[in-house]
Amino acid sequence: MRWSNYYLMTAREAPRDAEVTSHRLMARAGLLRRLAAGIYTMQPAGWRTLRKLMGNVRREMERAGAIELSMPAIQPAELWEESERWTKYGVELLRMEDRHGRRFCFGPTHEEVVTDLVRRDVKSYRQLPINLFQIQTKFRDEIRPRFGLMRGREFLMKDAYSFDADEEGLDRSYRAMHAAYSRIFEACGLEYSVVEADSGTIGGSSSHEFMVLADTGESAVASCAACGYGANVERAETGVLPVPAAGGAEAPREVSTPGTTTVAQVAELLEVEPAQVVKTLIYETDDGLAAVAIRGDREVNEVKLLNVLGGLGLRLATAEQVEAATGGPLGFSGPVGLPADVRLVVDESARALAGFVCGANSGDRHFASVRWDRDVASARPVEWVDVMTAVHGDPCPRCSGGELRLSRGIEVGHIFKLGTVYSEKMNCTFTDDSGRLQPMEMGCYGLGIGRTAAAAIEQGHDKDGIIWPKPLAPFTVVLSSLDPGDEAVNSAADTLYEELVGALAPGGFDVLYDDRAERPGVKFKDADLVGFPVRVVVGARSLASGGAEVSNRSDGEREVVALDEVAEDVVRRL
């Protein structure tokens, strides 16, 4: 392909709405163009990268036994009402009506559609297992779309769905997809990590995220180098925390703490460690108010908390709600003496505390020397739960002596064990070998196509532009002719182009011939910006030195190679 005939226009400046590296570089390199908030046109070079990635994905999905199909993007509301997600999914679901007033949505995912398909066709255990996948455009109406392809509203995703007769079959399907995803990201040349994750609105019993590691990642990942444990912070557990020295064993006493609405203020006034203070937050849920108690030196993980409390919403109660429920102002709530209609959940990290300090549900007052068994649990039910946010240096929950380390990552894949969440609600059943009807065991497996390409850029770039891993580069090699008016240079470059195309094609590599009538500096800057893995330069100076100049984008080191050896040298580099 000759650049002069190709639709590839670079830019010196990034658009004003580009906040992250991948968005800035993809826009400047002519890979995408914004149409509306969170909606992008993939320009030819950007589409070439996505096509290469999709080819890799299709190959590994089929190798794992999945079968490709294509499902409608527009889905009827009735299916979502069957699964009870029409309301639960929330405002991100783009709802619409046709001319007859029938309700539809633009699918953000396809659990309902694929379950409806399979329940119509599959009746017997002899037809199982089945794994169906597609690569299709989705739409999620993000409140604040940002970061280009990292968090757009319209996006391209590979989604697969497995159907099995029992849990053992689901385990096999899940492991096959786990292995396939690992092969995909390894083949793309990406550094990634697999972590336990929260299932969110998709549901199911367990899930794992595939995270491309990058300093600019939007998600925090907790991991242990000693045993390999990993989880995103929404899911991460911790080992047993060190317990501060116990407070007094005497009966609880009320102390004056004027103006102390923070843990730090209370700890300083009463001369105790922040870990010896129990802070109590009041939340409003769909089922009423809930009090959440946790060590004063730790923070509540609201994703974990929502899973504990259930329902569709979770909001911190207003000052008026707190005072009406507890009798005290905001900042002085505590677990002692809470009314029975306020649900009390306590993080496990606080269970070992004895003689601790907490709010007295009265203005400018706290209790000291409080014990759970004597002063709280004896008067009302206490639910012990894990709702704590893990932090760097916490003890590992899986091994002895290991510590959690936090790093940044970009979620590019997410796999779920759905179990029978959808099959029971949507009557997706089969007849087992005893003649009984059973719900199918389901799994779902998503992979963000655009997000993976963007994550590759976040992981591979420098001040000059993109450094693509070879399998994802729009073109693997750029051949630059620096003196278009020089007949010898043109002849050498034309011959070399034909040789490179012939030598690289069998390996799946491709060449972009930069034959534009541009200054050498422009060609060099564009080549670095777009990020072609290998650059071959032919000019009067290189010919005088004995050949063409060849370099790798990753290190920039240049070498003059004889013309008749260039193709072999490039193949070796790739």
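## A buried pair of charges

Both Glu-112 and Arg-85 are buried in this structure, which is a predicted model. Their side chains meet in a salt bridge, with a distance of 2.7 Å from N to O. Because Glu-112 belongs to helix 5 (residues 111-121) and Arg-85 to helix 4 (residues 85-88), the pair ties together parts that are 27 residues apart in sequence.

## The chain as a whole

The pair described above is part of a chain of 574 residues, of which 51% are buried. The secondary structure of the chain comes to 16 helices and 31 strands, and the C-alpha trace spans about 95 × 65 × 50 Å along its principal axes. When contacts between residues at least 6 apart in sequence are considered, 68% of them join residues at least 24 apart.

The chain exposes about 25300 Å², and carbon and sulfur atoms supply 49% of that area. As for charge, the chain carries 65 positive and 86 negative side chains, and the centres of these two sets lie 2 Å apart.

## Other salt bridges

The structure holds 49 salt bridges, and two further pairs can be followed in detail. The side chains of Asp-394 and Arg-298 meet in a salt bridge at 2.6 Å, again from N to O. Asp-394 lies in the loop between strand 20 (383-385) and strand 21 (404-419), while Arg-298 lies in the loop between strand 15 (288-295) and helix 8 (302-309), so this pair ties together parts that are 96 residues apart in sequence. Asp-394 counts as buried, at 5% relative accessibility, and Arg-298 is buried as well, with a relative accessible area of 6%.

A further salt bridge is formed where the side chains of Arg-151 and Glu-218 meet, at 3.2 Å from N to O. This pair links distant parts of the chain, 67 residues apart, with Arg-151 in the loop between strand 7 (130-139) and strand 8 (154-164) and Glu-218 in the loop between strand 10 (206-213) and strand 11 (219-224). Arg-151 is partly exposed, with a relative accessible area of 30%, and Glu-218 also counts as partly exposed, at 25% relative accessibility. Salt bridges can also join into a network, as they do for Arg-12, Asp-514, Arg-516 and Asp-526.

## A negative patch on the surface

Glu-499, Asp-564, Glu-565 and Glu-568 form a negative surface patch. One of these residues, Glu-568, has its place in helix 16 (residues 566-573). With a relative accessible area of 62%, Glu-568 is exposed, because the cut-off for that class is over 50%.

Ala-456 lies in helix 12 (residues 449-459) and counts as buried, at 2% relative accessibility. Leaving aside its neighbours within four places in sequence, Ala-456 is in contact with Leu-190, Trp-468, Pro-469 and Leu-472. The C-alpha atoms of Ala-456 and Gly-189 are separated by 8.6 Å, although these two residues are 267 residues apart along the chain.

Ser-551 is found in strand 30 (residues 548-552), where it is buried, with a relative accessible area of 5%. If its neighbours within four places in sequence are again left aside, the residues in contact with Ser-551 are Pro-533, Val-534, Arg-535, Gly-556, Glu-557, Arg-558 and Arg-573.

Most residues other than glycine have a negative phi, and most peptide bonds are trans. Against that background, a few places in the backbone deserve a careful look. A cis peptide bond joins Leu-128 and Pro-129, with omega at about 5 degrees, and Pro-129 has its place in the loop between helix 5 and strand 7.

Asp-364, a residue other than glycine, has a positive phi near 60 degrees. Asp-364 is found in the loop between strand 18 (356-359) and strand 19 (365-370), and at 34% relative accessibility it counts as partly exposed. Ser-369 likewise has a positive phi, of about 65 degrees, although it is not a glycine. Ser-369, however, lies in strand 19 and is buried, with a relative accessible area of 4%.

Key
Residues numbered from 1 in each chain as written. Predicted model: local features only at pLDDT ≥ 70, side-chain atom pairs only at ≥ 80, totals over all residues. Heavy atoms only, no water. Helix = DSSP H or I, 4+ residues; strand = E, 2+ residues; numbered from the N terminus. Buried < 20%, exposed > 50% of the residue type's maximum accessible area, 1.4 Å probe, protein only. Contact = heavy atoms within 4.5 Å. Areas by Shrake-Rupley, 256 points an atom, 1.4 Å probe, with all protein chains shown as cover. Lys, Arg positive; Asp, Glu negative; His and termini not counted. Charge placed at Lys NZ, Arg CZ, Asp CG, Glu CD. Patch = residues over 30% accessible without salt bridge, like charges linked within 9 Å, V, L, I, M, F, W, Y side chains within 5 Å. Salt bridge = Lys/Arg side-chain N within 4 Å of Asp/Glu carboxyl O.
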